[in-house]
Structures are given as C-alpha cells and as structure tokens.
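Reader: Can you put the structure up and walk me through it? I'd like to start with the rings.

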Amino acid sequence: MHFGISTYFLTNDTLDGVIDSILAAGIRVIELSYEPPHLFLLDGGLRDKLRGLAGEGVGFSMHGPFLETNLGSYLDEIRTVSRERVLDAVRFSAGMGADPIVVHPGYSFFRKLKEFDREIHARFIEDLGTIAEEARSLGVRIALENVFMSYFYFRELGEFAAIRDAVPGIGVTLDIGHAYISKCTAKHPDPEGAIIDDVRRMGVENLFHVHLHNNDGNRDDHDFVEGSIDMARVLKGLNELGYDGKVVIETLDIERLGFSAVLQKLKEIAP
C-alpha cells in the first residue's frame, strides 16, 4: 500500500505550499481536488511542477468535482455542467499523470418516484459512460466512490457489479469512512468485517483506490486520530486480499493536530 494525503482538507496555504508541506512530512502520494480553493490554482505552471514531481517518483491521484455536481441530473443544465466539469478534471489528470480520478456517483431526491428514478439513473449511467470513454482514450482510470447517503446511486459495494456491467473498465474508490457509516446505519454487528467481505465479493481487482478517515458511525467527520473505526483491521483485511494501491488520508486532523499526530496514528495502523 502507498499512503498519501488529500489536499482538499488543507486550506490554510496555497496549493504549492500544501504540496511542499506534504512532501516535507515524508509523504510521497498526494491527492489533488478539482474543487475550490485549490481549483483556481490548477494551471499550466502547476501542471508542469506536478509532472516534474511525478518524474521524481511522487504519486498523484485526483478527486474529481463533487460540489454542485450531479451526473445525470434531471435538469439538463446541471447535467451538462456536471459532465463537463468531470471531463475537465479527467483531461487535467491525464496531462499531469494522476491516477486514478475519483468520481462521485449521481444522485436523486426522487427515489420513491420509481419510473422517474429509473430515468435519472439511466442518465447517470450514460454520463458515467461518456466520462469513462474519454478517460480510457487518455489513459486515466475512473474510480467511482461509495457515498453513504441513500439518495446516491452508489452507496454499497454490492451495487458495483451492475454499474461495471453498464460501464466496463471503471473501478471503485472504497471510502472506508463512508462504508462504515453505511454499515452502522444498517446496524450491522461487525461493520469492519462487512466492509472487508464486500471487497472480497466485489473482487479486489475492481478496487482502484482507497480513502481513509475515521468517524463514530453517525457523521462524516473526517477525523483520523480518534474515531470508532478499527482502521488497522480494515487495512489488514485489504492487504490480505492483495490490495497494493494508493490509500489517501482525508482528514481535518492535520490542520487541527499537525502532521506528526496523523503520521503517528498511521504508523500504528498500517499493515
């Protein structure tokens, strides 16, 4: 496994400064975010710097846009803008060698309107297919992230097989914090074990990426040092299943507690 840090939660500095701080802490994997405030700094000059760092062995991934973005929205204007924003992120990722690009699923607040819901879901799948086709042509992998809220079209890993059949070649970003909330909401007696079992059934070959953060099973707190998740057990389970890709820490604790506290916790839980 290759552990990294997301820049999304580090907003007290410029993107250049954040990247330099992550590297100074000894971390060699960085996930960029195609969202403000750092979105406004993703220009050609930065892309050249990132390409240079990649040539020195630094690994990058990209979190695609998700704020005010809804693939397959029933509103054509929102759908079009959402699709184009994700495609822009795919193109930037290809230009700097980031892998994979994390994509959030579409969503609908009309799940009880079954016929309408099927139509919106079909629009989401169509948009995801368009994005996956462009990504494939550019050599970028798409990794769909599980999101725990019930109105999203990819909540549980068991839903992935049908999505993959419709959009071949995509994979999954397992967000451990999101998966834990889903299992706790369902009152599963062993949420960590259930997460590992889900990956086993899905097939670890479909697991392209991992997001790691902690919570108490109720809210998406993005803690790391404290929380109810046995992160060590989940990481050990993924390691035993053969996952050896990026594991990106998404946490507010770096700005609250500093890199040292987060890295000490990582040392305690890494396989």
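Author: The structure, a predicted model, holds twelve aromatic pairs. One of them is Y107 with F152, a tilted pair. Their ring centres are 5.1 Å apart, with 55 degrees between the planes.

Reader: Where do Y107 and F152 lie in the chain?

Author: Y107 is in the loop between β4 (101–103) and α4 (114–138). F152 is in the loop between β5 (142–145) and α5 (160–166). The pair therefore ties together parts that are 45 residues apart in sequence.

Reader: And F152, buried or exposed?

Author: F152 counts as buried, because its relative accessibility is 10% and the cut-off for buried is under 20%.

Reader: What about F109 and Y151, how are their rings set?

Author: The F109 and Y151 rings are tilted, because their planes are at 50 degrees; the centres are 4.7 Å apart. F109 lies in the loop between β4 and α4, and Y151 in the loop between β5 and α5, so this pair ties together parts 42 residues apart in sequence.

Reader: Which class of exposure does each get, F109 and Y151?

Author: F109 is exposed, at 58% relative accessible area. Y151 counts as partly exposed, at 26%. Ring pairs link Y107, F109, Y151 and F152 into a cluster.

Reader: Which way do β1 and β8 pair, parallel or antiparallel?

Author: Parallel, over four bridges, with β8 being residues 246–249. F3 has V247 as its bridge partner in β8.

Reader: How many bridges join β1 to β2?

Author: Two, and these strands run parallel, with β2 at residues 29–33. I5 stands opposite I30 in β2.

Reader: Last one, the surface. Which residues form the nonpolar patch?

Author: Y74, L75 and I78, with about 250 Å² of accessible area together. L75 is in the loop between β3 (59–63) and α3 (76–96).

Reader: Why does L75 count as partly exposed?

Author: Because the relative accessible area of L75 is 34%, and partly exposed is the class between under 20% for buried and over 50% for exposed.

Terms used:
Residues are numbered from 1 along each chain as its sequence is written. This is a predicted model: local features need pLDDT of at least 70, side-chain atom pairs count only at pLDDT 80 or more; totals for chains, interfaces and linings use all residues. Side-chain values use heavy atoms; hydrogens and water are left out. Patches are made of residues with over 30% relative accessible area and no salt bridge: like charges are joined within 9 Å, nonpolar side chains (Val, Leu, Ile, Met, Phe, Trp, Tyr) within 5 Å. Accessible areas come from the Shrake-Rupley method with a 1.4 Å probe; for residues, only the protein chains shown count as cover. A salt bridge is a side-chain nitrogen of Lys or Arg within 4 Å of a carboxyl oxygen of Asp or Glu. Buried means under 20% relative accessible area, exposed over 50%, partly exposed in between (1.4 Å probe, protein chains only). Rings of Phe, Tyr and Trp (its six-membered ring) pair if their centres lie within 6.5 Å; planes under 30 degrees apart count as stacked, over 60 as edge-to-face and the rest as tilted. Two strands pair if DSSP finds at least two bridges between them.
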